[in-house]
Amino acid sequence: MAFSAICPCLPKLLLLLLLLLAMVLSPHGAGDMYAVFSGVGGESVRCFSNFEEASSQCQGLLGEGVSKDACCLNAAHGFQIPGSQTCWACGAPRWSPWSAWSPCSMSCTEGSQLRHQRCLGQGGLCPGEGQLGSLRWELQACQDQDCCPEAGAWADWGSWTACSVTCAQGLRSRRRACDQPAPKCGGSCSGGETETEPCNTEALCPIHGAWAAWGPWGVCSASCHGGPQAPNQHRTRTCSSPAPSVQPPGNPCIGQAYEQQGCKGLPPCPVEGGWGPWGSTSPCSVTCGLGRTREQRLCNHPPPQHGGAHCAGDAIRDGLCNTGQPCPVDGHWAPWGAWETCTRLPFSNIACQDKPGQQQRSRVCEGRLYNGRRCTGRFQETRHCYNIHLCPLDGYWTAWGPWGLCTPPCGPFPTRSRLRHCMAKLPAYPPTVTMVEGQGEKNVTFWGSPRPRCSELQGQRGKVEEKKPCLHPPPCTDPLAEGA
């Protein structure tokens, strides 16, 4: 019989010994062992330090060729499969926050707009049986402007103004009003409100001289301090913008056509910078999941002086390190469960009676992993109550509620609705109760679904529903597919 059959643990022991030997022989210690074995376990991916849930984008590249299992030791990380631009989230499956509502499909009158959530994470389904990467949508009606613009029409042109000059050629103009009829709802008239044409006075104007712009300063006579002569530079300009006319005579330009100045602030001769040696490697930046190490060097051998060029290249270089430890995932509260039946011992039934009872509801702390923080707050609530479940009570019709979302959001002919309900008039029971002497009064809440009695409305006694179509719905298109 082979020895490996007697001791199946031998391969694991050999692997452990090889790992320890490599760590001892490695000149850089255990930090390099992270890099050597970071690709073990799972497919090779590009790992990022943050997954942006709102946009489904990866941010902060940690490294390439990393195993997916190592990358997802931190639930906040994200990754890309080689050859794909799609970013995937680590962590348990969950729905992303709702996106912003899309622009209204109509700029005037009624339209519709969409928003979506995406199923993110690894290893399972999102609540509601959502597949990883899938979208769910909501559609609502919208109206940016309650009417569409209508164009107006121009009235007749007014009279021409006087010519803008007293000699040579000028301009004159006339105006018209957009009021025959006036535009509506932000509309306008097509065309210009003002019309301009040239006018000629038949008289010559004198042309006075004006300087053209100064030319550029000439090159300094020296580039550094300390030469035999003080460095200087000069520039010129011409009286040509315009030149003065001869008949009728125009005025010449006033001032000098030549200007000189000394060159100030010339630096000493430049000294180019040179890199110093790389410094020591920093410890791994994290205690769980993947992190970074960093080395720095200084541009001080020599430092750049007097305008000399700075060192070319990077002053910092980063490496990747893998702690091999999963990061803590904090717990979060699931939604509160339903309230239990309102009861009071020793009574078997207090429904429809002026007898306060008690009831409880609870919630569960979900998703806590790897010694993450426990949920804060209470897991159970208790309150005082009156049991009016299935009690016949007088009722009244509510006002119309708000219009709901459009359904189906991505199907043909979506509609929306609003409701009026027959609501029960609550009994005039005391709103507070003192259960234990000396502990003060406690609020009492009505619990249950009574049976209200209302007069008939539009042939209904429980609720009345009004429906209308959602107009011009936009298509449900995955924004990641649009960007591909």
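Tutor: A salt bridge is counted here when a side-chain nitrogen of Lys or Arg lies within 4 Å of a carboxyl oxygen of Asp or Glu. The model is predicted, with local features needing pLDDT of at least 70, side-chain atom pairs counting only at pLDDT 80 or more, and totals for chains, interfaces and linings using all residues. Residues are numbered from 1 along each chain as its sequence is written, and side-chain values use heavy atoms, with hydrogens and water left out.

Student: How far apart are N and O in the salt bridge of E466 and R418?

Tutor: E466 belongs to strand β23 and R418 to strand β19 (residues 415-424), 48 residues apart, so that the pair links distant parts of the chain; strands are DSSP runs of E of at least two residues, and helices are runs of H or I of at least four, numbered from the N terminus. The side chains of E466 and R418 meet with an N to O distance of 2.6 Å.

Student: Is R118, the partner of D478, buried or exposed?

Tutor: R118 forms a salt bridge with D478, the closest N and O atoms being 2.7 Å apart. Buried means under 20% relative accessible area, exposed over 50%, and partly exposed in between (1.4 Å probe, protein chains only). Because its relative accessibility is 7%, R118 counts as buried.

Student: Which residues do salt bridges that share partners join into one network?

Tutor: The side chains of E381 and R378 meet in a salt bridge at 4.0 Å, N to O, and R378 counts as exposed because its relative accessibility is 57%. The network joined through shared partners consists of R361, R378 and E381.
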